[in-house]
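Dear colleague,

I am handing over the structure below, together with notes on what was found in it. Please read the notes alongside the coordinates.

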Amino acid sequence: MKTLWLLLALLAAPALAQEATQAANAPATAPLFGPETNLPLPRFVSLKAKESNVRRGPSLSHRIDWVFQRRNMPLQVIAEYGHWRRVVDRDGQGGWVHYTMLSGVRTVIIDRDMTALRAKPDAASHERAVLEAGVIARLGTCAAGWCELNAAGYRGWAPQDGLWGTVPGEERD
């Protein structure tokens with residue numbers, strides 16, 4: 001009888017492993033929510049302070065790997081633990097940051113050099129300004145592939161696909 005169970009287990013193992021792999025790679029049907037804030041994960045936030053330590057783990061006793069040094073930089077929160085948030089920047093680099101260093105104010109980084117900031121969400125609309133790659137702008141409304149931005153006093157619309165700090169197709173009021 002033991003041999004039969006062992007044989008069944010050996011035969012079932014590859015199928016179970018394949019099912020587990022497929023489940024892990026399948027798109028999530030239900031959104032994840034942070035255990036501390038009950039806010040969606042992942043989500044975008046911005047850096048509140050002009051400097052913030054990025055730690056290897058979620059406590060003051062963990063080593064500081066580097067320091068973010070750009071106020072209003074958009075970050076993506078991917079995990080929560082107590083008062084700590086695991087964040088990544090647009091390069092995929094990140095670590096744990098204390099929640100007091102983060103703001104819910106949404107910002108984006110211009111990813112495409114010489115992005116036109118237009119008067120209306122239309123490629124034929126008048127250009128109000130041209131933004132270089134790396135500029136940080138405050139995010140407003142997003143609809144139909146366009147987002148309203150405010151950068152250094154210039155306000156206008158830019159194509160959403162040239163921004164980091166929004167989810168593709170995200171709609172915002």
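Strand β7 (residues 84-88) pairs with β8 in the antiparallel sense over five bridges, where strands are DSSP runs of E of at least two residues, helices are runs of H or I of at least four, and both are numbered from the N terminus; two strands count as paired if DSSP finds at least two bridges between them. Within this pairing, V88 has G94 in β8 as its bridge partner, and in the hairpin that the two strands form, with five residues between them, G92 takes a positive phi near 85 degrees. Strand β8 (residues 94-98) is mostly covered, four of its five residues being buried, that is, under 20% relative accessible area, with exposed meaning over 50% and partly exposed in between (1.4 Å probe, protein chains only).

This is a predicted model, in which local features need pLDDT of at least 70 and side-chain atom pairs count only at pLDDT 80 or more, whereas totals for chains, interfaces and linings use all residues. Residues are numbered from 1 along each chain as its sequence is written, and side-chain values use heavy atoms, with hydrogens and water left out.

For the protein chain as a whole, the secondary structure comes to one helix and 16 strands, and buried residues make up 36% of its 173 residues. Of the contacts with a separation of 6 or more, 52% are between residues 24 or more positions apart, a contact being heavy atoms within 4.5 Å.

Two threonines may be worth a look. T115 is found in strand β11 (residues 115-118) and counts as buried, at 8% relative accessibility. A polar atom of its side chain lies 2.5 Å from the backbone oxygen of R112. The C-alpha atoms of T115 and L131 are separated by 5.0 Å, although the two residues are 16 apart along the chain, and L131 is also among the residues that T115 touches, the others being I110, A129, V130, A158 and P159, when residues up to four places away in sequence are not counted.

T166, in turn, lies in the segment after β16 (163-164) and is buried, with a relative accessible area of 9%. Its side chain is joined to that of Q160 by a polar contact of 3.4 Å, meaning a pair of N or O atoms within 3.5 Å, of which, within protein, one must be able to donate a hydrogen and the other to accept it, residues adjacent in sequence counting only if both atoms are side-chain atoms. Leaving aside neighbours within four places in sequence, T166 is in contact with F44, R106, V108, L139, C142, C147 and Q160.

With best regards
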